[in-house]
Amino acid sequence: MSILIKGGRVITAGDDYVADVFVEGQTVATIGRGLEVDADRVIDAAGKYVLPGCIDPHTHLDMPFGGTVTIDDFESGHTSAAFGGTTCHVDFCIQGQGQTVAEALEGWHAKADGKTLIDYGFHIAVTDLRDGGTLEELASLPEQGITSYKLFMAYKNVLQVDDETLFRAMEVAAASGALVMVHAENGDAIDVLVREALARGETAPIHHALTRPPELEGEATNRAIQLARIAKAPLYVVHVTCKEAVDPIRRARELGWDVWGETCTQYFFKTIDDLAKPKFEGAKYVYSPPARDASNHAVLWDAVRTDALSVISTDHCAFLWDGQKTLGKDDFTKIPNGGPGVEDRLVMIHHFGVNEGDLSLSGMVELLATAPARLFGLYPRKGTIAPGADADIVVFDPKNRHTLSAKTHHSKADYNLYEGTTVTGAVELTMVRGNVIVDGGELVAEPGIGQFVKRARFGEELTA
């Protein structure tokens with residue numbers, strides 16, 4: 001199958017120009033003006049943006065958590081992603097207590113089997129080095145194309161690891177070419193604050209945020225940075241929400257340390273006040289770390305503009321409000337943590353970051369596609385539009401004005417974090433390795449087309 005995309009404005013992290021893009025098979029064959037080639041299909045992209053497919057390095061599909069399972073499996077999650085212009089993601093494979101890494105991976109591959117619409121990889125979420133997974137297993141992961149793993153500094157007695165486990169994993173990462181990711185909150189202090197709040201009868205969703213103050217995110221972020229520095233391991237801090245965490249990451253980067261950070265779409269727009277909404281509406285905004293006060297919105301926009309934070313992800317972790325979030329109606333600690341968002345990232349960042357802010361289009365592509373591709377061993381096969389790269393391409397209409405709603409999104413979640421928000425800019429077509437997945441608001445591909453991607457070691461390029 002060959003496709004000629006004619007006359008679009010091609011935008012990559014480094015370039016912005018009008019050209020034709022010729023796709024042959026699964027890759028980009030040629031880019032140029034006025035290309036005269038025979039193609040099976042010609043797409044008129046005049047007046048449209050032609051973008052590299054977005055990459056989301058932070059999702060949780062079909063994941064057990066809090067006595068339930070995230071509502072989006074790989075099929076619905078991938079459908080939602082494709083409608084949002086995301087063509088590849090890296091999902092978290094959670095190692096259960098007493099489970100080997102190999103057993104965890106087998107389970108996550110089974111979850112994806114036959115359900116995929118976009119390409120994908122896995123991070124390993126390490127929870128048990130002593131009784132389950134071994135250091136030797138971690139060291140061998142890059143040979144399987146899994147070149148990043150995450151450790152939780154929070155969720156005590158569930159996912160949290162101690163500093164010894166964290167540091168030992170960092171040493172293995174340094175030796176084997178992997179990137180260490182951390183959920184940075186001080187879980188021990190949070191556990192104390194939570195127990196004290198419950199003892200006072202404070203059970204509403206707002207207390208989820210009040211028991212996880214920004215200072216504890218900042219403390220854990222700095223601790224992880226210092227441990228990684230000693231272990232000589234590259235570090236990636238996930239879902240950064242506040243000045244207290246941005247500042248130590250910025251300092252480390254200014255010193256030239258191998259430290260990177262991401263934030264997520266919701267942290268630019270939601271605040272702690274959302275968790276105080278009446279009639280249990282606040283539970284929709286229960287995720288960790290929590291939304292902060294509104295002053296942090298400007299901090300985060302500045303951080304992504306100045307590369308203090310290098311990636312915008314989604315932490316898509318969708319639950320039903322009615323039937324899953326309501327498990328915690330009488331106790332905020334029982335509200336499943338997470339929210340939907342994989343479909344809305346591109347349009348929200350385009351509208352508020354580019355149209356109404358001072359992000360450039362190339363800066364947006366860097367944050368949503370190219371930087372995650374580089375950091376997670378996918379570049380230059382993915383994250384850019386260039387001859388030889390995978391034809392992961394989004395045709396984007398910058399003038400399409402529409403309103404976001406749970407009634408029209410493709411996640412199984414029964415609410416949308418940005419319900420009623422009107423944005424200008426919409427995905428018109430999404431292509432994964434030359435296969436058209438979404439076209440004119442319709443899903444036109446069958447599940448099973450997405451492929452597992454064996455990622456390169458940290459700092460290396462993926463070319464084959």
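# Buried residues, salt bridges and strand pairs

Student: Is lysine 48 buried or exposed?
Tutor: Lysine 48 has a relative accessible area of 16%. The term buried stands for under 20% relative accessible area, exposed for over 50%, and partly exposed for what lies in between, with a 1.4 Å probe and protein chains only. Lysine 48 is therefore buried.

Student: What kind of model is this, and at which pLDDT do side-chain atom pairs count?
Tutor: Residues are numbered from 1 along each chain as its sequence is written, and side-chain values use heavy atoms, with hydrogens and water left out. This is a predicted model in which local features need pLDDT of at least 70, totals for chains, interfaces and linings use all residues, and side-chain atom pairs count only at pLDDT 80 or more.

Student: Which residue meets the side chain of lysine 48 in a salt bridge, and how many residues apart are the two?
Tutor: A salt bridge is counted when a side-chain nitrogen of Lys or Arg lies within 4 Å of a carboxyl oxygen of Asp or Glu, and the partner of lysine 48, at 2.9 Å from N to O, is glutamate 428. Helices (H or I, at least four residues) and strands (E, at least two) are DSSP runs numbered from the N terminus. Lysine 48 sits in the loop between strands E4 (41-44) and E5 (49-52), whereas glutamate 428 belongs to strand E17 (residues 422-432), so that the pair links distant parts of the chain, 380 residues apart.

Student: What is the relative accessibility of glutamate 428?
Tutor: Glutamate 428 is the residue that meets lysine 48 in the salt bridge. Glutamate 428 counts as partly exposed because its relative accessibility is 25%.

Student: Which helices hold aspartate 302 and arginine 250?
Tutor: The side chains of aspartate 302 and arginine 250 meet in a salt bridge, with 3.1 Å from N to O. The two residues are 52 residues apart in sequence, and the pair ties together the parts that hold them, aspartate 302 being in helix H9 and arginine 250 in helix H8 (residues 243-254). Aspartate 302 is partly exposed at 30%, and arginine 250 counts as partly exposed at 22%. In the order asked, the helices are H9 and H8.

Student: Are arginine 381 and aspartate 390 buried or exposed?
Tutor: Arginine 381 forms a salt bridge with aspartate 390, the closest N and O atoms being 3.2 Å apart. Both belong to a network of salt bridges that links Asp119, Arg381, Lys382, Asp390, Asp392 and Arg433. Both arginine 381 and aspartate 390 are buried.

Student: How many bridges join E16 to E17?
Tutor: Two strands pair if DSSP finds at least two bridges between them. Four bridges join E5 to strand E16 (residues 393-403), which run antiparallel, and there the bridge partner of leucine 51 is valine 394. E16 and E17 also run antiparallel, with phenylalanine 396 opposite valine 427. The number of bridges that join E16 to E17 is eight.

Student: How many of the eleven residues of helix H10 are buried?
Tutor: Helix H10 covers residues 345-355 and is mostly covered. Its buried residues include Arg345, Leu346, His350 and Val354. The number of buried residues in H10 is nine.

Student: Which peptide bond is cis with omega near 5°?
Tutor: The peptide bond from serine 288 to proline 289 is cis with omega near -5°, and proline 289 is found in the loop between E14 and H9. Proline 380 is found in the loop between helix H11 (361-375) and E16. The cis bond with omega near 5° runs from tyrosine 379 to proline 380.

Student: Which residue other than glycine has a positive phi near 50°?
Tutor: Asparagine 157, in the loop between strand E11 (148-152) and helix H4 (163-176), has a positive phi of about 65° although it is not a glycine, and asparagine 157 is exposed at 72%. The residue asked for lies in the loop between strand E15 (311-313) and H10, and is buried with a relative accessible area of 8%. With phi near 50°, this residue is aspartate 315.

Student: How far apart in space are aspartate 258 and alanine 233, C-alpha to C-alpha?
Tutor: Aspartate 258 lies in the loop between H8 and E14, and counts as partly exposed because its relative accessibility is 46%. Aspartate 258 and alanine 233 are 25 residues apart in sequence, and their C-alpha to C-alpha distance is 7.4 Å.
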